[in-house]
Each structure stands twice: as structure tokens, then as C-alpha cells.
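Hello,

Here is the structure I promised to pass on. Please open it first, then read my notes below.

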Amino acid sequence: QLTAVWQELKEMAQQRGRKLEESIIYQQFLAKIEEEEAWISEKQQLLTVPDLGDNMAAVQGLLKKHDAFETDISVHGDRCTDICEAGQKVIDDRNHHADSIAQRCEQLRNKMYNLGELANIRKSNLLDNSAYLQFMWKADVVESWIADKESHVKSDEFGRDLSSVQTLLTKQETFDIGLRAFESEGIQNISALKDQLIGGNHVQAEAINKKFTVVITRWNKLLSDSQQREQRLLGVQDQFRQIEELYLTFAKKASAFNSWFENAEEDMTDPVRCNSIEEIRSLREAHAQFQASLASANADFEALAQLDKQIKSFNVGPNPYTWFTMEALTDTWKNLQLIIKQRDAELAAEEVRQEENDKLRKEFARHANAFYSWLTETRGMMMEGSGTLEEQFAAVGIKVRFTEHHISKSFLTLMVSGS
């Protein structure tokens with residue numbers, strides 16, 4: 001009986017020794033489990049931090065850290081697998097903590113799985129935030145580009161003449177080419193990115209749509225303003241072309257009018273000296289014809305005044321194609337009216353003078369004819385007369401003195417009038 005008790009005691013001691021060894025193995029197992037669980041718990045807290053970065057640099061930094069973290073997860077995942085395999089071996093060795101080991105292995109696997117899911121969610125959130133910030137950054141770049149171009153379409157510079165307007169139109173054409181190029185690069189890019197994010201049900205969909213609407217509205221206004229500026233430049237170009245035509249027409253008509261005036265002035269200022277009443281009447285007839293032609297000249301003058309009024313209505317500078325101004329032409333026209341009046345007076349005075357001269361010429365002719373008749377009569381008397389020679393000379397001398405008196409008086413009057 002004592003032997004049996006001893007034997008039982010020895011078995012109990014051995015059994016307790018085995019359990020103590022199994023407990024040591026179990027405690028070692030637990031230490032490894034608890035170490036991994038502590039790491040998992042620490043990382044779970046890091047994965048639930050709400051900070052996803054508020055700018056592109058911060059997001060890129062967080063993504064790099066997350067990539068490193070995923071490497072750590074892979075390493076610890078392998079470690080957890082090794083721990084669970086070691087735990088299964090302990091279970092297979094019928095460790096009296098087998099149930100607890102199995103339970104802890106299951107818990108460790110679940111925690112590791114959950115940590116992986118949190119990591120995936122965290123990475124997805126970081127990528128979503130990166131895409132959102134990238135969109136916002138690109139949208140800001142586009143909006144900044146638009147803002148820079150808005151000053152061009154809002155410019156109030158539309159040229160000072162036809163040449164400067166054509167230069168601005170060339171710049172506008174280049175500007176429009178730049179708009180079309182940017183539309184295919186900047187606008188289409190953010191449009192595609194917006195569609196991608198909205199199609200993927202991005203958490204920031206509302207903010208993305210709002211930002212995109214602001215940018216596209218501003219872009220469409222830039223296009224509209226650019227088109228309006230182009231149309232206005234084309235209108236100004238047409239206006240300056242009209243002004244150029246008016247300038248050229250005015251210059252041509254002003255030159256012709258001035259040439260006509262110079263010729264008229266030369267004719268009107270020629271000295272009025274005639275030798276017969278027919279000549280003065282011819283001059284007066286020519287002058288009357290000139291005065292009749294003044295209606296046409298007056299029409300040309302009025303046409304010039306109308307052209308000048310049209311040109312001045314555009315509020316432009318002096319005509320570059322002529323030095324004649326409407327003010328100068330007006331003075332010329334008024335001066336011509338004075339010259340015409342003076343010419344009228346000179347011709348009238350000359351006509352009176354020629355009429356007086358004609359009377360004197362006729363009187364001279366009458367006296368000259370009478371003198372000729374006297375000479376003829378006297379010669380006949382001397383040829384046929386009787387009496388002494390002295391008596392005949394005495395008779396002739398009385399008539400000579402009378403005739404000489406009348407002829408000399410008429411001749412002197414005619415010479416004085418002619419001078």
C-alpha cells in the first residue's frame with residue numbers, strides 16, 4: 001500500500017512538473033501575444049487620427065508614412081502567423097492551456113485583420129483627400145490663370161487709329177489661340193478629374209462641385225468677354241476705316257477746292273485795263289459766268305463742311321493727308337466773296353470809263369471828219385479862189401484857228417481819259 005501511495009505521489013509530482021512546464025510555455029506564448037496586441041492597439045489609435053493633411057505636401061508626407069506602416073503590418077502579420085502556428089503546436093502537444101491558447105490566437109488574428117481593414121480605410125481616405133486637394137490645387141491654378149487674363153479683356157485700350165487697332169486685333173487673335181490651347185489643357189483636365197471624383201462618390205463631392213462651378217463660371221465669362229472685346233475691336237476698326245475714307249475724301253476735295261480758288265483768285269486780281277467797250281463787256285460777261293458757276297463751288301464747299309462735321313463727330317485728331325483745315329477753307333471762301341465784290345466794282349468802274357472814252361472817241365471822230373472836210377474845202381477854195389494871195393491866206397487863217405481849237409480840245413480830252 002505504501003508503495004502504491006508513493007507511486008501515486010511520484011505521478012502527481014511528474015504531472016505537476018509537466019503542467020508547470022506547460023504553463024511556462026503558455027506564459028511565453030502570452031508574452032508574445034500581448035506584445036503583438038499592444039503594437040496593434042497602438043497602431044489602431046494612430047489609424048483613427050482624423051488628420052488627413054490640409055495641403056498636398058502634408059498628404060504626400062502622410063502617404064509615405066502609411067506606406068512604411070503597411071510594411072510594418074506585413075512584418076507583424078508574419079510574426080502573428082508564426083505565433084499562431086507556435087500556439088497550434090502547443091495545442092497539438094496537449095498543453096492544458098490549449099483552449100486559452102486557441103482563443104488568444106483567434107483574437108490575435110481578428111485584431112490583425114481589423115488593423116489591416118483600418119489601414120486600408122486610412123489609405124483610401126488619404127488617397128481621396130490627396131485627389132481632392134489635387135483637384136483644388138489644379139482648380140486654383142486654372143482660376144489664377146483666368147484672373148491673369150481677365151485684365152486683358154477688361155482693358156479699355158481700343159486704339160488711336162487704324163494701325164493701332166489692327167495691332168490690337170492681332171494681339172486679340174493670339175490671345176484667343178491661347179484660350180483654345182488652355183481649354184484643351186487646363187479646363188478639360190479639371191473637368192475629367194471632377195467627373196472621376198464625383199463618379200467615385202467622393203466624400204467631398206459637394207465642395208468639388210462648388211469649386212468647379214465657380215471656375216467654369218469664371219472661364220465662360222472670360223470667353224464671353226474675349227468675344228465681346230474682339231467684336232468691339234472689329235467695330236472700332238470699321239469706324240477708323242470710315243474715318244480714313246473721310247480723311248482721304250476731304251483731302252482730295254480740299255486740294256481740288258484750293259486749286260480752284262487759287263485760279264479764281266489769280267483771275268479776280270488781274271488788273272482791269274481795257275481799250276474798248278467791247279473788251280470790258282466781254283470781261284463782265286466772263287465774270288457773270290464765273291459768278292453763275294459759284295453755285296457748284298458753293299456745293300463743293302458745303303460738301304467739305306459736311307465731311308469736316310462727320311470727321312469731328314468721331315473726336316479724332318487732325319487729318320494726316322492734308323494741311324487744309326475747314327477753318328482755313330472757310331476763310332478762303334469768305335476772302336473770295338470780298339475779291340468778287342471788289343472785281344464787280346472794278347469792272348463797273350472800267351465799264352463807265354470805257355463808255356466815256358467811247359463818247360470822246362466818237363466826238364474826236366466827228367471833229368476829225370469836220371477837219372478833213374475843211375481841209376478839202378480849203379484846198380478847193382485855194383485852187384479855185386480869186387483875189388490876191390494875201391487875201392486868200394487871210395480868209396483861210398480864220399477857219400484854221402477855229403478848227404484847230406475844236407480838234408485840240410477833243411484830242412486832249414480823249415488822251416486824258418485814256419490815261
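**What sits around Leu336**

Leu336 touches Trp260, Phe261, Ala264 and Leu294, leaving out residues up to four places away in sequence. Contact here means heavy atoms within 4.5 Å.

Before you go on, note how the values were made. This is a predicted model, so local features need pLDDT of at least 70 and side-chain atom pairs count only at pLDDT 80 or more, while totals for chains, interfaces and linings use all residues. Residues are numbered from 1 along each chain as its sequence is written, and side-chain values use heavy atoms, with hydrogens and water left out.

**The cores**

The largest nonpolar core has 31 residues. Leu336 is among those with the most contacts inside it, together with Phe250, Leu304, Leu329 and Trp333. A nonpolar core is a set of buried Ala, Val, Leu, Ile, Met, Phe, Trp, Tyr and Cys residues joined through side-chain atoms within 4.5 Å. Buried means under 20% relative accessible area, exposed means over 50%, and partly exposed lies in between (1.4 Å probe, protein chains only).

Which helices supply this core? Helix H4 (162–199), helix H5 (205–268), helix H6 (277–313) and helix H7 (326–384) each give at least two residues. H5 gives the most, with 12 residues. Helices (H or I, at least four residues) and strands (E, at least two) are DSSP runs, numbered from the N terminus.

**How the helices pack**

Start with H4 and H5. They pack at an angle of about 165 degrees, with their axes 10 Å apart. Axes are lines fitted to C-alpha atoms, for helices over the stretch in contact, and angles run from 0 to 180 degrees between N-to-C directions. H4 and H5 are therefore roughly antiparallel. Angles under 35 degrees count as roughly parallel, over 145 as roughly antiparallel, 65 to 115 as roughly perpendicular and the rest as oblique.

H4 passes H5 in a left-handed crossing. A crossing is left-handed if the near helix is turned anticlockwise from the far one by less than a right angle, and right-handed if clockwise. The contact of H4 with H5 holds 23 nonpolar, six polar and seven charged residues. Ala, Val, Leu, Ile, Met, Phe, Trp, Tyr, Cys and Pro count as nonpolar, Asp, Glu, Lys and Arg as charged, and the others, Gly among them, as polar.

Next, look at helix H3 (residues 98–153) against H5. Their packing angle is about 20 degrees, and their axes are 10 Å apart. H3 and H5 are therefore roughly parallel. Their crossing is left-handed. The contact of H3 with H5 has 16 nonpolar, two polar and eight charged residues.

Then take H1 and H3. Their axes come within 10 Å and cross at roughly 20 degrees. That makes H1 roughly parallel to H3. The crossing of H1 and H3 is left-handed. Their contact divides into 14 nonpolar, four polar and seven charged residues.

**Pairs to find along the chain**

Gln231 lies in helix H5. Gln231 counts as partly exposed, at 47% relative accessibility. Gln231 and Ala288 are 57 residues apart along the chain, and their C-alpha atoms are separated by 56 Å.

Glu278 is in helix H6. Glu278 is exposed, with a relative accessible area of 55%. Glu278 and Glu351 are 73 residues apart along the chain, with their C-alpha atoms separated by 9.5 Å.

Glu34 lies in helix H1 (residues 2–47). Glu34 is partly exposed, at 44% relative accessibility. The C-alpha atoms of Glu34 and Leu108 are separated by 9.0 Å, and the two are 74 residues apart along the chain.

**Two loop residues**

Most residues other than glycine have a negative phi. Asn201 is not a glycine, yet has a positive phi of about 55 degrees. Asn201 is found in the loop between H4 and H5. Is Asn201 buried or exposed? At 68% relative accessibility, Asn201 counts as exposed.

Asn315 also has a positive phi of about 55 degrees without being a glycine. Asn315 lies in the loop between H6 and H7. Asn315 is exposed, with a relative accessible area of 70%.

Best wishes
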